[in-house]
Amino acid sequence: MITLASDFGSPYPAAMKGVVLQRSDARLVDVAHDLPRQDVRAAAFWCRETLPYFPPAVHLVVVDPGVGTDRDALVVRVGEHALVAPDNGVVVPAARRLAERAAADSDDDAPIECFCYDYQDPASATFHGRDVFAPAAAAVHEVGVTNLGTLEPIDRIESMAPGASPETVVDCRFPDPAVDSTEARGEVLVVDDFGNAITNVPGSFLDGRVGEAVAVNGTSATAVAAFDDVDVGDRLVTVGSHGYVECDVNRGRGDAAFELDPGDDVVLSL
Amino acid sequence: MITLASDFGSPYPAAMKGVVLQRSDARLVDVAHDLPRQDVRAAAFWCRETLPYFPPAVHLVVVDPGVGTDRDALVVRVGEHALVAPDNGVVVPAARRLAERAAADSDDDAPIECFCYDYQDPASATFHGRDVFAPAAAAVHEVGVTNLGTLEPIDRIESMAPGASPETVVDCRFPDPAVDSTEARGEVLVVDDFGNAITNVPGSFLDGRVGEAVAVNGTSATAVAAFDDVDVGDRLVTVGSHGYVECDVNRGRGDAAFELDPGDDVVLSL
Amino acid sequence: MITLASDFGSPYPAAMKGVVLQRSDARLVDVAHDLPRQDVRAAAFWCRETLPYFPPAVHLVVVDPGVGTDRDALVVRVGEHALVAPDNGVVVPAARRLAERAAADSDDDAPIECFCYDYQDPASATFHGRDVFAPAAAAVHEVGVTNLGTLEPIDRIESMAPGASPETVVDCRFPDPAVDSTEARGEVLVVDDFGNAITNVPGSFLDGRVGEAVAVNGTSATAVAAFDDVDVGDRLVTVGSHGYVECDVNRGRGDAAFELDPGDDVVLSL
């Protein structure tokens, strides 16, 4: 199985799929091709929140504002999962999450192993998703994730060796909030398609607070378990599906109601 | 085969797919993930107009404004099709259409059978698509649609019994128009991506009227068989692919030209 | 394998997929369903730039402003590829590109063969994608691309004979630019989802010019190899993944910065 995620919109992902299918009959599953454009941190968030739900797979992730520069090309292996991506941090949070889940599921550690590969520059420097990463993902799938070290040079990929390490690849970290018993100071990580403003404040901040008033940057809302626990159009905060506090509106857009954009500071006061 | 339909936008459907693929190697087919958001009636329309074209399948449909409340979770079986959805009516018109088609195709009746299942509340009350309905769809697929009564408890799903009936589940009906030989009074059911305003007036209203003038809420248009039978940019009414009269513009948007939105009253006058 | 491309948006492609899957268990791969609406030339561009990357397949392409009129329905065969589409030119550039690639890959010519088929008019004249082309694509897949001449009548498709020729089908050509050593006069063919304005000026115009200033309709830009070779927000021209000169902005929209829309004249001056 090969999953595909990018910020390419349409129809560029089709060229990537064609290139993969020339080399592999793997099942292809689209994750998203409208990841926030050229926004590595937001894309990394969504990869972390989607890819670990899949069974073992090769995950092709291309959000690559540095395309055509000398940034490296990576394969990150965690157990039977392989993440194929540019070395800009976009898959590192997903790798960390996969490793945490593997550790929780067994006594074995699932190390994060990073492989770099050289590639010949393709004719165009603008579409490495098609010309570099798609052939790499197909090659990784065909050789098998557990056999990555034996990958023969294929297409433009000249070597696949554990030359990189989790310490030397580009990392991506989300900020930590400051939380006490009555106030949490954090940040909006992303706004989803519903307009829910997803913060980095852990859901535990709302433990035992259902039904109480919570101020979001001074704007009042109600802490609830389910959207429909307030009237249609009313503001709420709740523990979202990512485990964080979200600032939402029932059947409306929380980002508009709270005037929150990704990256904004947010103060939650009980 | 499992089809997937939701109002989730992107990338939440990917988490649902991952959850399904952890439990089943069924073929997955996306129907749409941009169904009108939290609009059960419009989503029910589109499910009715797409799902019955598929061969027997498990159809996972999640448009669920009541997520996290005590609304029930359903599996509706019609012949070899199973519809997995919240109990809010979203799949009832599709079930009725499937039953009509089955009856037309054979002498056997295809009853609509409704199964409720209990589930343990997941940690988050906001994403039952991922945490409740996706595991349910996979479980239904794996046990087989014809064996639903023997489904063992799986994941959070504690029972699957025909405890519900077509009479007790939440229904969804579309309004009936009032049609005589020269006038039809109806409603705009949905506006599609082309901007075609699809009414609930049956196409038979235009029988023998091709080429004639038709007023739509007083705005003139021409009844045609094909869009291109009028000039580019001109208003027309025609029998659309759903069997209803549509108010369209050739290579333009009918909703704008006729000032029609979903739910608006519409009077067609010959 | 059957690929699907259309300008249908959502959820109409689902009905096409259902119809195909009733008749075939082919792998389905979505190319795009947001091709520029009713814009045959732009859709032809994107088909040419995506379909040839696929392994041999049946390619279902429905951008069909003449739906329901007497325009013909075609299957165009190039080697082991078959393109199923209305006879409006939308797949001709892709067919030509497939033939060029086949010729480059072998000593054998891969002729472009065109088959017309008759079909009974479906009840609705507005959705031949579902009612004519989807059954045709499934039928072509099931009989096999190399056996097209033996296709039995199926569904509404009454015959499949090489009655058409590349000379008699509707063609689609892109304009040629006028290029000398210091100036290229061309046209914007399409604007992609990133806002890159893709011209018809061949990339060779920029050979040896990396780092130099290039005026685009009098607006200054820098010729670069990679987007990130200029600062974020700066204008650039580069050789895009289609082999043409593109007018772009690093992490921004070139169409806005250069005031370029599809079809606009563009003069590049060194």
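The model is predicted: local features need pLDDT of at least 70, side-chain atom pairs count only at pLDDT 80 or more, and totals for chains, interfaces and linings use all residues. Residues are numbered from 1 along each chain as its sequence is written, while chains are lettered from A and ligands numbered from 1 in the order in which they are written.

Start where the chains meet. Here 21 residues of chain B are in contact with 20 residues of chain A. Contact means that the C-beta atoms of two residues, placed from the backbone, lie within 7 Å. On the chain B side, helix α1 (residues 12-23) gives the most, with seven residues. Helices (H or I, at least four residues) and strands (E, at least two) are DSSP runs, numbered from the N terminus. By class, this side of chain B has nine nonpolar, 10 polar and two charged residues. Ala, Val, Leu, Ile, Met, Phe, Trp, Tyr, Cys and Pro count as nonpolar, Asp, Glu, Lys and Arg as charged, and the others, Gly among them, as polar.

Now turn to chain A. Strands β10 (residues 213-216) and β11 (residues 219-223) run antiparallel and are joined by four bridges. Two strands pair if DSSP finds at least two bridges between them. A213(A) has T222(A) as its bridge partner in β11(A). The two strands form a hairpin with two residues between them. In that turn, N217(A) has a positive phi of about 50°. β11(A) is also joined to β12(A) (residues 235-239), by two bridges and in parallel. There A223(A) stands opposite V237(A).

Next comes G254(A), in helix α5 (residues 254-258) of chain A. G254(A) counts as buried because it has 27 C-beta neighbours inside 10 Å. The cut-offs are 20 or more other C-beta atoms within 10 Å for buried, 12 or fewer for exposed, and partly exposed in between, with C-beta atoms placed from the backbone. N196(A) is 58 residues away from G254(A) in sequence, yet 5.1 Å away in space, C-alpha to C-alpha. Beyond neighbours within four places in sequence, the contacts of G254(A) include G195(A), A197(A) and C247(A).

Finally, chain B. Six strands form an open sheet of mixed pairing, in the order β2-β1-β3-β5-β4-β6. β2 (28-32) and β6 (112-117) stand at the edges, each with a single partner strand, so one side of each is left without a neighbour in the sheet. β6(B) pairs with β4(B) (residues 73-78) in the antiparallel sense, over six bridges. A73(B) stands opposite Y117(B) in β6(B).
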